[in-house]
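Notebook open, structure loaded. I want to jot down what I look up as I go.

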Amino acid sequence: MVSSSHETLHRIFQEDPGLFVRAVKGVGVTFADPVAAVPVAAVPFPTDLTENRPVERRVDTLLRLETGDGARFLLAVESQGKPDSDKPASWAYYLSHLHAKYRLPPLLLVVCADRRTADWASRHVDIGPVQWPSLTVRPLVLGPDSLPVINSPDEAARDIPLTVLSMAVHRRDPDAGAILKALATALKDLSADDESTASKFIELTEQGLGTTPAANLWRQIMAADLSFFQSQTAQNLRAEGREEGRAVGRAEVVLLLLGDRGVEVSEEARERILGCQDLEILDVWLRRATTAVSVAEVFGDTEG
């Protein structure tokens, strides 16, 4: 079954095809900015690559890009969650099929949310005799080591799609909390001018986090800090945040924030946080935990 986090890693390129050019700069590959892009659903570029055979082959996202320097090529984006020995053969099929059918140069971009999978996907696979391989599969890979950690609100505001992609790839990293806070600030500013676009990126952010601990943090941020959003997606997220944000849930997020920022929490302080039943006090601690350098700063003069 395809997970929601899998969807974000390739769907974000449908929302902003130019993101591809900005993202691959981190691996030292330069393309001119796109001036036109045909989305996956547009004819004649469907994602279904099935032929008259029993095996269905379907690429995650397929775009035709035209760049400012006159180049035209097909961009096939694959979200890869773990190493899979069958994938290189499928990728070779994608590339040869696309080239034969559309007579445009195909490029395979593989996006991975963990370093082990990114290292595996980066290997070149030769197809044919060792003396003379007939075909080499050489994907361009984006992973935690090639995408920057964007934890500055100003930097996030300059490129929200890249920040969403960075978040999805770094969702298990200690930096996930910092990326989410920067992204929330940028989305708040964006919503003042374009709430529809902001809501779209909120949905992609939630999907990209999957079931990681950072997903709970994002819901808490939505419930506590992003009440200005009025879209149905945001309202649903806030409702979920309020339901899950009872005393224990809020306390766990406070501890998660402190842990992400490297703040030492004694067993006594941990018990105090988990034992607090006052939601208003927990909200105060939650806000303080985003900047505090000690547990004492979190507690302040509260009595919870």
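**Arg103**

My cut-offs: buried is under 20% relative accessible area, exposed is over 50%, and partly exposed is in between, with a 1.4 Å probe and protein chains only. Arg103 sits in the loop between H3 and strand S4 (106-112). Helices here are DSSP runs of H or I with at least four residues, strands are runs of E with at least two, and both are numbered from the N terminus. I also checked the backbone: phi of Arg103 is near 55 degrees, a positive value in a residue other than glycine. For background, most residues other than glycine have a negative phi.

**Ground rules**

I note that this is a predicted model, where local features need pLDDT of at least 70 and side-chain atom pairs count only at pLDDT 80 or more, while totals for chains, interfaces and linings use all residues. Residues are numbered from 1 along each chain as its sequence is written, and side-chain values use heavy atoms, with hydrogens and water left out.

**Whole chain**

I get 14 helices and seven strands for the chain. Of its 304 residues, 48% count as buried. I then took contacts (heavy atoms within 4.5 Å). Among those between residues at least 6 apart in sequence, 64% join residues at least 24 apart.

**Trp91**

Next I went to helix H3 (residues 87-102), where Trp91 has its place. Buried or exposed, I asked of Trp91? Trp91 is buried, at a relative accessible area of 2%. Setting aside neighbours within four places in sequence, I list its contacts as Glu78, Gln80, Leu108, Val110, Trp120, Ala121, Val137 and Pro139. I also have 8.7 Å between the C-alpha atoms of Trp91 and Val59, which are 32 residues apart along the chain.

**Aromatic rings**

I pair rings of Phe, Tyr and Trp (its six-membered ring) if their centres lie within 6.5 Å; planes under 30 degrees apart are stacked, over 60 edge-to-face, and the rest tilted. By this rule I count five aromatic pairs. In one of them, Phe20 and Phe31 have ring centres 4.9 Å apart and planes at 50 degrees, so I log the pair as tilted. This pair links distant parts of the chain, eleven residues apart: Phe20 is in helix H2 (residues 19-23), and Phe31 is in the loop between H2 and strand S1 (34-38). Phe20 counts as buried at 0% relative accessibility, whereas Phe31 counts as partly exposed at 24%.

Phe31 also pairs with Phe73, tilted again, at 5.4 Å centre to centre and 35 degrees between the planes. Since Phe31 is in the loop between H2 and S1 and Phe73 is in strand S3 (residues 72-80), the pair ties together parts that are 42 residues apart in sequence. Phe73 has 7% relative accessibility and counts as buried. I mark Phe20, Phe31 and Phe73 as a cluster linked by ring pairs.

Angles under 35 degrees are roughly parallel, over 145 roughly antiparallel, 65 to 115 roughly perpendicular, and the rest oblique.

H6 (residues 160-169) and H8 (residues 195-209) have axes that come within 9 Å and cross at roughly 15 degrees. H6 and H8 are therefore roughly parallel. In H6, Ile160, Pro161, Val164, Met167 and Ala168 meet Phe201, Leu204, Thr205, Gly208 and Leu209 in H8.

H6 packs on helix H7 (residues 176-193) at about 150 degrees, with the axes 10 Å apart. That makes H6 roughly antiparallel to H7. The H6 residues Ile160, Thr163, Val164, Ser166 and Met167 meet Ile179, Leu180, Leu183, Ala186, Leu187 and Leu190 in H7.

Last, I checked H7 against H8: about 155 degrees, axes 7 Å apart. H7 and H8 are therefore roughly antiparallel. In H7, residues including Leu180, Leu183 and Asp193 meet a set in H8 including Glu195, Phe201 and Leu209.

Terms used: Axes are lines fitted to C-alpha atoms, for helices over the stretch in contact, and angles run from 0 to 180 degrees between N-to-C directions.
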